[in-house]
Amino acid sequence: MRNFFFFIARNATTIFFILLEILCLVLVMSFNDYQQAKYVSSANAIISSVYESENAVTDYFSLSSRNDILARENNALHNQLDILHQQLRLLRNASLSVNDALPQRFLHREAKVIKSTTNREHNYLTIDRGSNGGVHEGMIAVDYNGAVVGLVTAVTDNFATVLPIINTSFRLSSKLKKTNFRGQLVWDAVFPDEAELIDIPEHAVVNKGDSIVTSGSSSYFPEGLYVGKVKDVEMDRNGGFYDLTVQLAVDFTSIYDVYIVEDLLLKEQKQLEEETEEHER
Amino acid sequence: MANSQNVIRLALLFVILLTLQVLVFNNLNLFGFINPYPYILLILTMPFGVATSFLMIVAFVMGFSVDMFCNTPGMHAGACVLLAYVRQFILKFISLHDDYKIGTLPTLYTYEPSWYMKYVLMAVAVHHVTLFAFEQIDTLFWWPTILRLLLSGVATVAIIYVSQMFIRISDGTK
């Protein structure tokens, strides 16, 4: 026993070192778990406010390019509006009731990206809108083109964290737009503008440049959101499946604004699905 | 007197290095993927003969603070604590003279520049390899990761070395 205490006293520094490293390892491990991504820290108040004040300064440098983006988006919306006006006139002429139209399903809320990383395995975006601004966990983020950015995983009063496609914890059920073959979109932590689409069976016809959209089989992402284009077609090493390289539509290295999309009818849909399942039992 | 000076210098260096790391270097993204981490200068400039336990506590707090801003809990802290523990062995390994003068600071001006270069190179190697092992264990031995590791290391060494040429961290002895 006495020897044991001597041993501790003599190696106190090394033992302290080992204990500290174990503490760090526990922190790392708990973080790597997908579920624990909720505790990501940059959504917490102090750190977010530091990034927000930094953003207040650096915002100006990107103004001109963001103006271009907004002008293009405005233009596209104007065109869409014209088309819709025309269709509305046609409908009126056909004496159909406008009230037959479907209710609004998706509500967009704009948010600014105040912090983002692209050079890690686990990248995150922090946005300046939280539960006070109507953002909740499980909502999705898209860019100005409507392309998928990621999923809201943590929310505080005024900030939220988005888990983007370029995080190795992220899985997105996607499909080829033309042929409807489904696969999983995963990121391999190499380039911030490329991801892999796996599990597409080998009898599917795939060409370079084919569009990839969300499949709708995930409970968060509605069907048909744009993800990217096929950049490279390869077979999986084990055979049977493709291993497609996807050029992502979103440029994560220069992302300033996102739209957070709320599915207004999600509750209703979930309720119906649950009731149906109960009936089946 | 000298002690309170040391504490103030440590606190100032801590705040300055953390601010620079979080607001400047983490956003540099040289060529899109190089991220230097010159904040480890805090651990490097602690005086010769500082108690390793104390150094490890400082390193842990510094690493953890950077972690909080990078969303990487434990990774920077782990790499910093290891560097703090290994620092005594690095110093022993590269020692030119019989003994270091306890209480003075290891800087570019302490001995020859080549001594300081060796010191920084070895320290950055320890810190960066550990950090990358924590951060990208799945892809650690893949060329994009290795390239990123090497280039980030070179950038860190260059920034630390150049910063020492412009700003002398005074230890009051000169």
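Guide: Ala, Val, Leu, Ile, Met, Phe, Trp, Tyr, Cys and Pro count here as nonpolar, Asp, Glu, Lys and Arg as charged, and the others, Gly among them, as polar. This is a predicted model, in which local features need pLDDT of at least 70 and side-chain atom pairs count only at pLDDT 80 or more, while totals for chains, interfaces and linings use all residues. Residues are numbered from 1 along each chain as its sequence is written, chains are lettered from A and ligands numbered from 1 in the order in which they are written, and side-chain values use heavy atoms, with hydrogens and water left out.

A pocket is an open set of points, on a 1 Å grid over the protein atoms alone, where a 1.4 Å probe fits, with protein on both sides within 12 Å along at least five of seven lines; its lining residues have an atom within 4 Å of a point. A volume is the space filled by probe spheres set on the points, which are joined across faces, edges and corners.

The largest pocket holds about 650 Å³ of space. Its lining has 29 residues, and those nearest the centre are A:Ser116, A:Thr253, A:Ile255, A:Tyr256 and B:Asn27. Two or more lining residues come from each of helix 3 (45–58) and strand 1 (106–116) of chain A, and helix 1 (2–28) of chain B. Helices (H or I, at least four residues) and strands (E, at least two) are DSSP runs, numbered from the N terminus. Strand 1 of chain A contributes the most, five residues. By class, the lining has nine nonpolar, 14 polar and six charged residues.

For comparison, the second largest pocket holds about 500 Å³, and its lining divides into 12 nonpolar, five polar and three charged residues.
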